[in-house]
Amino acid sequence: DNCSSKQELELLEYVKTLTTNAIIHNDRNVICPLELDIYIPSLNLAIEYCGLYWHSELNGKGRWYHRQKWKLCHDKNIRLITIFEDEWVHKNHLVKSILKNVIQRSNKKIWARNCEIVELSGTEAKAFFLENHIHGYSSSQINLGLKYDNHLSYAMSFTKSNISRKNFNGWELQRMAGLHDQVIVGGASKLFKHFINKHDPESVLSYADLRWFSGKSYENFGMILTGITTPGYWYLKMPECKRHHRFKLRKNSTDNQ
């Protein structure tokens, strides 16, 4: 897949602009015999680029393949970030912003104490998350934001009910994200504390995508890890460069049987 190889090299070249530390390309020693596309030993950081076809069941990569790589790295105290082809192609600015923050930690910093808490409409929240969250927008009932200099710089959303959480009666922290290429220091904690003080929830749960994030932000809220879910799956339409979530392809009760 020449296209995917070209994009992996584009990713490598971008990473080189973020650090002068040694970068190993296509390492097969750290989690032998599996390969790490990009490995920065000094940062205990590895980055995997996944062409959609070459990292699918169509090409022999089972459901647990990426989880296995993550676990092998995690056991060696290496953070593995796994980037799928459609994310690099369609959300390039977000991928670069996350990597810049992880590697360089030099995105523009703003202190949460200098920000104003505001309630956002569904329309405002949707527009912000579509532009600034790697997973886009997810329907929510409460949307909070932080404004700095009258500009929305951070947002957090909560929902009371979710089709996939039928046995849970509390609230779910659905999305949280800052303006790309910018960091709101203490922003997430400030919004979460505001939500707790105002709504006094019996319980709050959330999920961290371990392909991208460590989940450590939740520890700052006083949340505890209760488990790691089994890997999900997506559908791929060839030759389209895009994954489709399984929920979108389910048959409705009104569909023909």
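These questions and answers test the labels given to parts of this predicted model against their cut-offs.

The model is predicted: local features need pLDDT of at least 70, side-chain atom pairs count only at pLDDT 80 or more, and totals for chains, interfaces and linings use all residues. Residues are numbered from 1 along each chain as its sequence is written, and side-chain values use heavy atoms, with hydrogens and water left out.

Q: Why is the pair Lys69 and Glu48 called a salt bridge?
A: A salt bridge needs a side-chain nitrogen of Lys or Arg within 4 Å of a carboxyl oxygen of Asp or Glu. The N to O distance between the side chains of Lys69 and Glu48 is 2.7 Å, so the pair meets the definition. Lys69 lies in helix H2 (residues 65-74) and Glu48 in strand E3 (residues 45-50), so the bridge ties together parts that are 21 residues apart in sequence. Helices (H or I, at least four residues) and strands (E, at least two) are DSSP runs, numbered from the N terminus.

Q: Why do Lys69 and Glu48 count as buried?
A: Buried means under 20% relative accessible area, exposed over 50%, and partly exposed in between (1.4 Å probe, protein chains only). Lys69 has 3% relative accessibility, so Lys69 counts as buried. Glu48 has 2%, so Glu48 counts as buried too.

Q: What makes Arg211 and Glu87 a salt bridge?
A: Their closest N and O atoms are 2.7 Å apart. The pair links distant parts of the chain, 124 residues apart. Arg211 sits in the loop between strand E11 (204-205) and helix H7 (216-220), and Glu87 in helix H3 (residues 85-90). Arg211 is buried, with a relative accessible area of 15%. Glu87, at 3%, counts as buried.

Q: How many salt bridges does the structure hold?
A: The structure holds seven. Salt bridges that share partners join Glu87, Asp209 and Arg211 into one network.

Q: How do you know that the buried residues of helix H5 lie on the same side?
A: The buried residues of H5 (residues 122-132) are Ala125, Phe128, Phe129 and Asn132. They cover an arc of only 95° around the axis, which puts them on the same side of H5. The arc is that of the directions from the helix axis to the C-beta atoms. These residues pack against helix H4 (92-103), strand E7 (142-148), strand E8 (151-159) and strand E9 (171-178).

Q: Why is Ser140 called buried, and what makes its link to Asn143 a polar contact?
A: Ser140 has a relative accessible area of 14%, so Ser140 is buried. A polar contact is a pair of N or O atoms within 3.5 Å; within protein, one must be able to donate a hydrogen and the other to accept it, and residues adjacent in sequence count only if both atoms are side-chain atoms. The side chains of Ser140 and Asn143 are joined at 2.6 Å.

Q: What makes E7 and E8 a pair?
A: Two strands pair if DSSP finds at least two bridges between them. Seven bridges join E7 to E8, which run antiparallel.

Conventions: Contact means heavy atoms within 4.5 Å.
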